[in-house]
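Please go through the briefing below alongside the sequence and the structure.

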Amino acid sequence: MKEGNGIIKRKRRKLRKPVQTDKRLLRLILLINPTEEILQRREMGMGTDSARTDRGMAIPDRGGMRTAHGANVPETNNPAARKNHVVLTNRAKMTNGLRNSICFLSIFFATCLLQACGERIVYHTYQPVPARRWTPSDTLVYEVEIGDSAVTLALTAEVRNRNTYPFQNLTLNIASNFADTTRWVNQKADFMLTDKEGQWKGTGWGSLYTSGSSLGNVYIARPGTYTIRVTHDMRTEELEGIQDVGIRLAYP
């Protein structure tokens, strides 16, 4: 702009006011693309004007104070908020219970796997005692199939007794032909089924208990079918309270 003296005066610019975002436009944007915090508030039945929540901190609510992820139901007059809070709490409890169950099952199967790796069972069978009254002439016979040659296996005798067994101990005669199919080797298996106070020492529950007695290692030179014969060596004609007798062969 020219003045009378010929000096050109620079035109001043008018400062623009900062653009203010329309609140209605902002609400429309949040409605179309809501943030994670707004979604969480919607699930809890809360409005967008609720107090900002921080994880693990106590926050004010219309009905009082509550924790952001606590188990207590918020004190609010909104039934939908109370219902949603209970549903979310139950979901969290179910998730924690599922995680605990998975952890327990993982430990259980890992323990079973370690035991299976530590002891490879070749043969494990129980024979029931005839009529639950065992006489000295009643012989339990076990036919054992061995597919390996030049192997050493640990031999164990097992018994399942009921709580009606009248004695503290039990002795069994074990005859086997592992060394030679034509030659029998006789062994004694001794069991101490109760302690001095009469408490059962075997594993089990209710009225049935299981006990074991190690008979050492046996050497098997070649594959074949071998036989084990078991009789009791107690001074009674009819032995009561013994339900089953088992034989186990495993790699030591």
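The protein chain exposes about 18300 Å², with accessible areas taken from the Shrake-Rupley method with a 1.4 Å probe; carbon and sulfur atoms supply 53% of that area. This is a predicted model, in which local features need pLDDT of at least 70 and side-chain atom pairs count only at pLDDT 80 or more, while totals for chains, interfaces and linings use all residues. Residues are numbered from 1 along each chain as its sequence is written, and side-chain values use heavy atoms, with hydrogens and water left out.

**Chain overview**
- Of the 252 residues in the protein chain, 27% are buried (under 20% relative accessible area, 1.4 Å probe, protein chains only).
- The chain has 3 helices and 13 strands (DSSP runs: H or I of at least four residues for helices, E of at least two for strands, numbered from the N terminus).
- Among contacts (heavy atoms within 4.5 Å) between residues at least 6 apart in sequence, 68% join residues at least 24 apart.

**Four-strand sheet**
- An open, antiparallel sheet has the order S5-S11-S7-S8, where pairing requires at least two DSSP bridges between two strands.
- Strands S5 (140-146) and S8 (183-192) are its edges, each pairing on one side only.
- Strands S7 (residues 169-180) and S11 (residues 224-232) are antiparallel and joined by 5 bridges; Asn173 stands opposite Thr231 in S11.

**Five-strand sheet**
- The order in this open sheet is S3-S13-S6-S10-S9, with antiparallel pairing.
- Strands S3 (121-128) and S9 (203-205) each have a single partner strand, so one side of each lacks a neighbour in the sheet.
- Strand S6 (residues 151-162) pairs with strand S13 (residues 242-250) over 8 bridges in the antiparallel sense, and Asn161 stands opposite Ile242 in S13.

Key: Buried means under 20% relative accessible area, exposed over 50%, partly exposed in between (1.4 Å probe, protein chains only).
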